[in-house]
Amino acid sequence: MDYVELGRTGIQVSRCCLGTMTWGSQNTEEEAHAQMDYALERGVTFWDTAEMYASPPSPETQGRTERYIGTWLEKTGRRSEIVLASKVAGRGSAFGGLSWMRADGATTRQTKAQIDEAVEGSLRRLRTDYLDLYQLHWPDRAVRVFGGQTYKDYDDDYQRFGDILEALDVHVKKGTIRALGVSNEFPWGVMKFLAESEAKGLPRIASIQNAYHLANRVFEFGLAEIAMREQVGLLAYSPLAQGQLTGKYLGGQLPEGSRKALYNRMQRYEGPGALEAFTAYVDLARRHGLDPAQLALKFVDARPFVTATIIGATSLDQLKTDIDAFDVDWTEELETAVNAIHATRPNPCP
């Protein structure tokens, strides 16, 4: 396993990051503990969660993922061996309100009071006294977050960038947060956070956690340059397009226990041209003797603007396949081939 610096923080993270959002919905506590044991054994020391998880969001499962991690940390005493990341929810309209996440029943926003409540809740559930990375799960602005390639303006009702950083800085100064990041963010938002931190001496964001995979390379349009020049690297989520790039849904297949079978929330990955793109990438992998999942994961890992690729698995066999992908050799032949497909099927799943 390779390790790199998280932004300019001095914190070293594994290039493979363990995603956790299925724990508490598709995975039991015992299965989550087994995944953590195996990932750490393989050198995966960077783990990502959120106050909202398990996914999909619901009052019944909210916070369960963090609680599973917390019981593992308490049982093993290995907190110092991992870099642990969590997230605070953004403007509630992204998921229809989420008022059940806050003690006072308010819709989720990134106010100081809500950030305080969210940080304290995550620390309690995780049974730790600090978070290595704390991220804004999606913007407080009412910007279109998930899907779509057209711009729609939004109202001026959002928490100001400097105010959000000042609220987080309280926890940085207390030592409960070591580094900050954003997620589902856009170039203007990233640069505003950077400008505010520089102008006011506030903590600097270290990472951008956005969707990025073979069928969604929109990160490259503006954010990749920021990631490279400002050392705010990408933590790429959904590198397998929620399983579509493994080929398991091709030909109308609907595997029992899959996210599509359980939740039918795959519309982001079923737009015009998506099926043709997935088919082309799966065929490419098989022609080269590669597992399609490993082709997709190694593609992301090979990007110079990526700090870590977030993997998610519901079985240990899947987890092993995913981690093994980071040992695959990425060749110029593969690079040319995926770019040729991208040229004819660009970004069908933004």
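## A loop with two cis bonds

Pro56 lies in the loop between strand 4 and helix 2. In this predicted model, the peptide bond from Ser55 to Pro56 is cis, with omega near 5 degrees. Ala54 has its place in the loop between strand 4 (46-48) and helix 2 (64-76). A cis peptide bond joins Tyr53 to Ala54, and here omega is about 20 degrees.

Most residues other than glycine have a negative phi, and most peptide bonds are trans. Ser238 is an exception in phi: the value is near 55 degrees, positive in a residue other than glycine. Ser238 is found in the loop between strand 9 and helix 7 (259-263).

## The barrel

Which strands make up the closed barrel? Eight strands do, in the order 3-4-5-6-7-8-9-10, and the pairing is parallel. From one strand to the next, the twist averages 30 degrees. Helix 9 (residues 292-301) packs on the sheet. Helix 9 touches strand 9 (233-237) and strand 10 (306-311), and its direction makes about 155 degrees with that of strand 10.

Strands of a sheet pair through backbone hydrogen bonds, either parallel or antiparallel. Strand 5 (residues 83-88) and strand 6 (residues 131-136) run parallel and are joined by four bridges. Ser86 has Tyr134 in strand 6 as its bridge partner.

## The annotated domain

An unreviewed UniProt entry carries the annotation "domain: NADP-dependent oxidoreductase" for residues 17-333. Over residues 17-333, the chain is 37% helix and 14% strand. The end C-alpha atoms of this stretch are 26 Å apart.

## The largest pocket

The largest pocket holds about 1100 Å³ of space. Its lining counts 46 residues. Met21, Ser238, Gln242, Arg259 and Tyr269 lie nearest the centre.

Which elements give two or more residues to the lining of the largest pocket? They are helix 9, strand 10 and helix 10 (316-324). Helix 10 gives the largest share, three residues. By class, the lining has 18 nonpolar, 20 polar and eight charged residues.

## The second largest pocket

The second largest pocket has about 610 Å³ of space. Of its 28 lining residues, Arg144, Val145, Gly148, Phe186 and Val218 are the closest to its centre. Helix 5 (187-200) and strand 8 (205-211) each supply at least two residues of the lining. The lining of the second largest pocket divides into 15 nonpolar, eight polar and five charged residues.

Rolling a probe the size of a water molecule over the atoms shows where empty space is left. How many cavities of 30 Å³ or more does the structure hold? There are two. The largest cavity has a volume of about 50 Å³. Its lining is made by Gln110, Leu136, Pro139, Asp140, Arg141, Tyr158, Gln159, Phe161, Ile164, Glu185 and Phe193. Six of these residues are nonpolar, two polar and three charged.

The second largest cavity holds about 40 Å³ of space. Gln242, Arg259, Lys260, Tyr263, Arg265 and Met266 line it. The classes here are two nonpolar, one polar and three charged.

Terms used
Residues are numbered from 1 along each chain as its sequence is written. This is a predicted model: local features need pLDDT of at least 70, side-chain atom pairs count only at pLDDT 80 or more; totals for chains, interfaces and linings use all residues. Side-chain values use heavy atoms; hydrogens and water are left out. On a 1 Å grid over the protein atoms alone, a cavity is a set of points where a 1.4 Å probe fits but cannot get out, and a pocket is an open set with protein on both sides within 12 Å along at least five of seven lines; lining residues have an atom within 4 Å of a point. Grid points are joined across faces, edges and corners, and a volume is the space filled by probe spheres set on the points. Ala, Val, Leu, Ile, Met, Phe, Trp, Tyr, Cys and Pro count as nonpolar, Asp, Glu, Lys and Arg as charged, and the others, Gly among them, as polar. UniProt positions are given in the numbering used here, feature names are shortened, and annotations may be inferred rather than shown by experiment. Two strands pair if DSSP finds at least two bridges between them. Axes are lines fitted to C-alpha atoms, for helices over the stretch in contact, and angles run from 0 to 180 degrees between N-to-C directions. Contact means heavy atoms within 4.5 Å.
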